[in-house]
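Colleague: I have not looked at this structure before. Could you take me through it, one question at a time?

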Amino acid sequence: MDRAPGVSVRLKLTLSYAGFLMVAGALLLAAVWWFLLRYVPERALIVPGSTGDPTTGGVFPVRSSLLHVFAPRAFAVLAFLLVFGLVGGWFLAGRMLAPLGRLTEATRRAATGSLSHRVELPGRGDEFRELADAFDTMLARLDAHLAEQRRFAANASHELRTPLAITKALLDVARTDPGRDTDALLDRLGAVNTRAIDLTEALLLVSRAEQRSFTREPVDLSLLAEEATETLLPLAERHGVALETSGEITPALGSPALLLQLTTNLVHNAIVHNLPEGGTVWVTTGVQAGRAVLTVENTGEPLTPELVATLTEPFRRGTERVHTDHAGVGLGLAIVRTLTEAHDGTLTLAPRAGGGLRVSVSLPAR
């Protein structure tokens, strides 16, 4: 924004300091006049029994004589206070505003795209240092968010390019193969296209959740858990996985559609990344410490804590079974994390002792 040049804050503070000092000095001199000089007689007063000689102390000075001596010195004191206030105020204002200059420089660097710079004001806490610490925290979060967005965009571009490349390869092969099987080609193209559509919808869902462009309504997590398990029951039967749902009424506040998507992603992930045979998925809901908690556990391969810590990153998968029909697009837990944060909740992942994963979503209870 273009603004007309104005008086600097340092000059304003300097004038304020000097003006305050002048007013305080003037009030002090006025108090001296009011409380002391007003009691001095206006005419000469000779003490009875004295000789009348001023050197003997027998005669009080008159008010006019004292005023003649007091007034020039009072003006001299005010002039000194003015100069002292301007010089000292300019110095003090500069010292006080020095942290603001560092904040301004950091803001300008951030405006040019340099988010790695930090103010890092030394010293004990005060208003300026609290502002600097808050600014550094904001820069750190922006830097991390932008880095995550760049990584996400790069991964999304790679994932979206894969089905397009497969489609192109299939069409090229079909074009040069006179004995091609049209039905098989259409089936493969349909599968690749479905995967691309699923990935695009997942990306749009992540973007919508990050913007928090949804209406919060009362919702019961136990009902969402039952609906998700019923929807995914055929998938669980095909994988030989048993679904067990338990828990009590769990009232929460949020988007029913997004929370259903969150629950479905968790259950789907638990079914797909499970044991080849005889696996189990446990879905429980309840209220703990005033918060609505949804927990999904599954049997499966042993997972290390280091691997579990990366599962919520986009396009990361916990097993090598990424080419199956239901492997997903690698955004399941990333979407769960985004939806949880959009609802002001907490997502916790932990490996189970016997193999598999335990995922807990804690949301503010209604």
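Colleague: Is strand 9 largely enclosed by the rest of the structure or exposed, and why?

Modeller: Note at the outset that this is a predicted model. A residue counts as buried when its relative accessible area is under 20%. Six of the eight residues of strand 9 are buried, so strand 9 is largely enclosed by the rest of the structure.

Colleague: In the hairpin of strand 8 and strand 9, which turn residue has a positive phi?

Modeller: Strand 8 and strand 9 run antiparallel. Five residues lie between these two strands in the hairpin, and the turn residue with a positive phi, of about 105°, is G355.

Colleague: Which element gives the most to the largest nonpolar core?

Modeller: That core has 42 residues, and L221, L266, I271, L294 and L357 have the most contacts inside it. Elements giving two or more residues to the core include helix 4 (182–211), helix 5 (221–238), strand 7 (291–298) and strand 9 (357–364). The top contribution is eight residues, and it comes from helix 6.

Colleague: Which residues does L266 contact, leaving aside neighbours within four places in sequence?

Modeller: L266 is one of the residues with the most contacts inside the largest nonpolar core. Nonpolar side chains tend to be buried together in soluble globular proteins. With those sequence neighbours left aside, the contacts of L266 are L294, V296, L333, V336, V359 and V361.

Colleague: Which helix supplies the largest share of the nonpolar surface patch?

Modeller: The patch covers about 610 Å² and is made by L11, L15, L82, V83, L86, V87 and W90. Helix 1 (9–35) and helix 2 (63–111) each supply at least two of its residues. The largest share is five residues, from helix 2.

Terms used. Residues are numbered from 1 along each chain as its sequence is written. This is a predicted model: local features need pLDDT of at least 70, side-chain atom pairs count only at pLDDT 80 or more; totals for chains, interfaces and linings use all residues. Side-chain values use heavy atoms; hydrogens and water are left out. Patches are made of residues with over 30% relative accessible area and no salt bridge: like charges are joined within 9 Å, nonpolar side chains (Val, Leu, Ile, Met, Phe, Trp, Tyr) within 5 Å. Accessible areas come from the Shrake-Rupley method with a 1.4 Å probe; for residues, only the protein chains shown count as cover. A salt bridge is a side-chain nitrogen of Lys or Arg within 4 Å of a carboxyl oxygen of Asp or Glu. Helices (H or I, at least four residues) and strands (E, at least two) are DSSP runs, numbered from the N terminus. A nonpolar core is a set of buried Ala, Val, Leu, Ile, Met, Phe, Trp, Tyr and Cys residues joined through side-chain atoms within 4.5 Å. Buried means under 20% relative accessible area, exposed over 50%, partly exposed in between (1.4 Å probe, protein chains only). Contact means heavy atoms within 4.5 Å. Two strands pair if DSSP finds at least two bridges between them.
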